[in-house]
Amino acid sequence: MIPVYTWRLYDATYKLSLLSKRQENTSKLIQRARLWIEIGNVRALTGKPGFVPHIIVRNAGHMPAGKVSWIFGKPHFTTDNDWNPQDPEGESRGNVTLAPGAAMKQGGPPFGLPDDAPDAAYLYIWGCVSNHDGFEPGRFTQFSHRYNMELMHRDVEKTGSPAFPEEAYRYNRYYNDAS
């Protein structure tokens, strides 16, 4: 009789350990930090020619996002409205902790308009944001935003004003991914 009760106790303990592990994994999935990259527009530099791209990094999760860093790819001008970027090269910047529900605006490297950028072209601002999600390091969110150059406010150069109206930009169908 004792071996039967011992077996039942072992079986119940084993099943509880499996349930506990599943609840832990579900809790991590629900509670972790989740970064969302919003379009922050492109602004003209103040007092000098050129523009700077902006993104808004928002923590939509329930845990602080630690070691948040970002890297921008080189702004890409093309007539292709279906451009698919590759991973950006270079060093990421930043080492920020972002509280749940908080957002921060970050600027990329300044750039000028190339002489050969046709008016009907698109500008792609793209890159990657990485972070520690509260449980695991190495999480990333890739972003790619497309701007219609035809709708660009070209008279804002040197004013610090936004270069594009809201209807001129959108999320690109490619390279918007997360881990």
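The model is predicted. Leu45 sits in the loop that links β1 (35-44) and β2 (51-59). Strands β1 and β2 belong to an open sheet of 3 strands. Strand β3 (residues 65-72) pairs with β5 and with β7.

**Leu45 and its surroundings**

- Leu45 has a relative accessibility of 17%. Buried means under 20%, so Leu45 counts as buried.
- Pro110 is 65 residues from Leu45 along the chain. The C-alpha atoms of Leu45 and Pro110 are 8.0 Å apart.

**The open sheet**

- The strand order is β1-β2-β6, and the pairing is antiparallel.
- Strands β1 and β6 (103-107) form the edges, each pairing on one side only.
- From one strand to the next, the twist averages 20°.
- Strands β1 and β2 run antiparallel and are joined by 8 bridges.
- Leu35 stands opposite Asn59 of β2.

**Strand β3 and its partners**

- Strand β3 is mostly covered, with 7 of its 8 residues buried.
- With strand β5 (residues 93-98), β3 forms an antiparallel pair over 3 bridges. Ala65 stands opposite Leu98 in β5.
- With strand β7 (residues 122-132), β3 also pairs in the antiparallel sense, over 5 bridges. Phe72 stands opposite Gly127 in β7.

Note on methods. Residues are numbered from 1 along each chain as its sequence is written. This is a predicted model: local features need pLDDT of at least 70, side-chain atom pairs count only at pLDDT 80 or more; totals for chains, interfaces and linings use all residues. Side-chain values use heavy atoms; hydrogens and water are left out. Helices (H or I, at least four residues) and strands (E, at least two) are DSSP runs, numbered from the N terminus. Buried means under 20% relative accessible area, exposed over 50%, partly exposed in between (1.4 Å probe, protein chains only). Two strands pair if DSSP finds at least two bridges between them. Axes are lines fitted to C-alpha atoms, for helices over the stretch in contact, and angles run from 0 to 180 degrees between N-to-C directions.
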